[in-house]
Amino acid sequence: MEEKKEEKVRISVRNLVEFILREGDLDSRQGGTADKEAMLLGGRIHRKIQRQMGGGYHAEVPLQIVVPCEKLDIIVEGRADGIIEEDGRTAVDEIKGILQDLDLIKEPKKVHLAQAKCYAYIYASIKELSEIGVQMTYCQMETEEVKRFYQTFSCEELKKWFFDLVHRYEKWAVFQIEWRQKRNQSIKQVEFPFGYREGQKDLVVSVYRSILRKKKLFIQAPTGVGKTMATVFPAIKAVGEGLANQIFYLTAKTITRTVAEKAFLTLKEQGLACKVITLTAKEKICFCEKAECNPDACPYAKGHFDRVNDAVFDMLTHTDDMSRDQIESYARKHTVCPFEMALDLSVWTDAVICDYNYVFDPNAHLRRFFGEGAKKEYLFLIDEAHNLVERGRSMYSASICKEDFLEVRRAVKEEDAKLGKAISGCNEQLLTLKRECPGHALYSSVSHLVLRLMNVMTEIERFLEECSQEEIREKVLDLYFEIRDFLYIHDKLDENYMIYTELTEEGKFYVRLFCVNPAVNLSEYLNYGVSTIFFSATLLPIQYYKKLLSTQTDDYAVYAHTPFPEENKRVLIGSDVTTRYTRRSEEMYERYARYMLETVRKKNGNYLAFFPSYRFLNDVYEAFLTLQKEEEEIFCLIQDPGMTEEEREEFLNYFEEERDGSLIGFCVMGGIFSEGIDLTEERLIGTWIVGTGLPQVCLERELLKQYFDEKGMSGFDYAYLYPGMNKVMQAAGRVIRTDTDRGMIFLLDDRFLLRQYRAVFPREWSKAFSIRLPQTAEAVAAFWDETRTQP
């Protein structure tokens, strides 16, 4: 009797063939046809073709086979589009929807045919057939014309081919099983690496319990709680106990990725066997001066797919260090693209640290994890989760611009009359909408425009196959992506969207699909996880974030207790200043400058000042220079729009230097210096927050306000107050980073005294009190005198 193997690895038919049989060049010039198919097709074409077939056609047939190997069993599974049983013959039908002209399809694509052959072998072996047909059905999505290819294979021929394919995958499956055994054994030895701070152990327990119960958890965790380790440690433990298999640590900022890397490294020092990869943007890791992913421009793109599997396996089996340096080293060794290699590596790692877009963005998400046959065994740790609301809105919104169509039409009208005509038809629809638009107009549907856009897509697809002029090609390709994104988002429209047109001051006309509440779209990917942990130092009010980040009504929420003594900080509200437009004046700018001067004259040190805009910053800065005495040693830094990473580092390095006088950094609220930077102890002792951080009034904000008002919620709060106060709290969070930090937070706007603003204050600000400019020096002196007498 054959021994039953305990270890089993599952893989879908599609993933198997796309992984093992890929070959050739990496070439981005092909226009993303596969993405387009997946986005626009859905199951619509499949279902229509399936319904048209006769009684001998069985649609969506689930198939599975167990392939015994030396150390494990590999389970190959999937769903055949159709099984045909008629006139004494049996065949598998594989349906593919395309936008290309069917005349361009001369034979089935290799991976498509391989998928069908897998299903054919599995079905033939189940039914004990001696031979079976394989039918490839290509359907042109716009015209719905069909082209079929038919072949017959003997079962013996298919068996030999199929088992060769699976055995090529076997070494990967064995590696996966053996590594996970090693990893899980090592996790048992890992303990929390520090003494628990106050409230931190409760946080660790909450995270683990949420994972165990397969829930989402929202954590409001004040600075200093140690939220990174408090989420990473229980997540690792959960993986070791089989509650999940892979961790995604998601963040919007580079610096928080570094913090996450350090957390995993700290656990590795205890002997944790864990492969952790941080995904680096293509532009940063590319070996070439310009990231042109095609074999003509890049030697690493030529033949990339012929070599990349060997490169990945080589690295996986020779090092646990998945750092950028190592990836680049192995990529050069095997002459492959380092960016694409990193994406392939990520499938086999235990933790992936990356930007939100790798999971949620429909144009950038990792199809390796979130495509057909993906295993729903991930843990999502979402750092600085407050950023995901606006990022989500951006990722799931789309627009088209009338002027872009005119520009492309001008470029192609002599080259391709058919494409020019299609674009003209679309432009006429846009012109009609433009005439109906006084400045902006709301619509319940733009489906008539969508039909025109699909026609343009078809013609562009044909044009790109033939075009050799690079300059024209690039313009057409840009429009192609614009239309593709619009059509994809249009397919997702529901009650969480607003459709509107806008005529800008520059005279450009847009049709916009605006995602007001991204929760439903985010959940499409979060559903691949067994649990999601949202955490931030500024996740207030929690109900606002629950509403916009999750579709569930039973999510958990925790407000972590701060471990820092309350007496280490002082929150002061300036009651005699305001940033209201109607009150802005030279006198008001001068008053803000005096608040700053009165502070530094009483206490030398490093400070940050945050302003609602660059214009306001400059106005106060000029007033500050006028009031500053010549003999005063106050060094000022100004944040510039569009600072490079090197300039940002140089800015922060000034806070590391010893000096006799004071340093003030003039910054913009919500900018690169208002969150994610750590200036501990004497490196930062105070901050002035000028204004309430409310977003500027604009069409999009007013539409948000209107949407939530109509839903019976406070539109002003959702569109302005909550996003604004989040910026305020983020900026204030720069001051107290450790339990030895001392510092002052000045909230300089009389609106902070209003009930609706104070209702959003974190509980650590419960003792904030009001002052006026003449009381500033006394308040500063009193705070620092008190801290000197503290033990």
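Colleague: Which residue just after α7 takes a positive phi?

Modeller: Gly242, with a phi of about 80°. Bear in mind that this is a predicted model.

Colleague: What about α7 itself, how many of its residues are buried?

Modeller: 14 of the 14 are buried, so α7 is largely enclosed by the rest of the structure.

Colleague: And what should the helix span?

Modeller: Helix α7 covers residues 227–240, and at 1.5 Å a residue its 14 residues should span 20 Å. The C-alpha atoms at its ends are 20 Å apart, which agrees.

Colleague: Switching to α10 and α11. At what angle do they pack?

Modeller: About 135°, with the axes of α10 (residues 304–318) and α11 (residues 324–334) 10 Å apart. That makes α10 oblique to α11.

Colleague: Is the crossing left-handed or right-handed?

Modeller: Right-handed, as α10 passes α11.

Colleague: Which residues meet there?

Modeller: From α10, Arg307, Asp310, Ala311, Asp314, Met315 and His318. They meet Gln326, Ile327, Tyr330, Lys333 and His334 of α11. By type, the residues of this contact divide into four nonpolar, three polar and four charged.

Colleague: Where is Thr335, and is it buried or partly exposed?

Modeller: Thr335 sits in the loop between α11 and α12, the latter being residues 338–346. Thr335 is partly exposed, at a relative accessible area of 30%.

Colleague: What is the phi of Glu384?

Modeller: About 45°, a positive phi although Glu384 is not a glycine. Glu384 lies in the loop between β11 (378–382) and α15 (388–395).

Colleague: Why does Glu384 count as buried?

Modeller: Because its relative accessible area is 7%, and buried means under 20%.

Colleague: Last one. Which two residues does the cis peptide bond near -10° omega join?

Modeller: Leu540 and Pro541, with omega of about -10°. Most peptide bonds are trans.

Colleague: Where is Pro541 found?

Modeller: In the loop between β16 and α21. Strand β16 runs over 529–536, and helix α21 over 542–549.

Notes: Residues are numbered from 1 along each chain as its sequence is written. This is a predicted model: local features need pLDDT of at least 70, side-chain atom pairs count only at pLDDT 80 or more; totals for chains, interfaces and linings use all residues. Side-chain values use heavy atoms; hydrogens and water are left out. Helices (H or I, at least four residues) and strands (E, at least two) are DSSP runs, numbered from the N terminus. The expected span of a helix is 1.5 Å times one less than its number of residues. Buried means under 20% relative accessible area, exposed over 50%, partly exposed in between (1.4 Å probe, protein chains only). Axes are lines fitted to C-alpha atoms, for helices over the stretch in contact, and angles run from 0 to 180 degrees between N-to-C directions. Angles under 35 degrees count as roughly parallel, over 145 as roughly antiparallel, 65 to 115 as roughly perpendicular and the rest as oblique. A crossing is left-handed if the near helix is turned anticlockwise from the far one by less than a right angle, and right-handed if clockwise. Contact means heavy atoms within 4.5 Å. Ala, Val, Leu, Ile, Met, Phe, Trp, Tyr, Cys and Pro count as nonpolar, Asp, Glu, Lys and Arg as charged, and the others, Gly among them, as polar.
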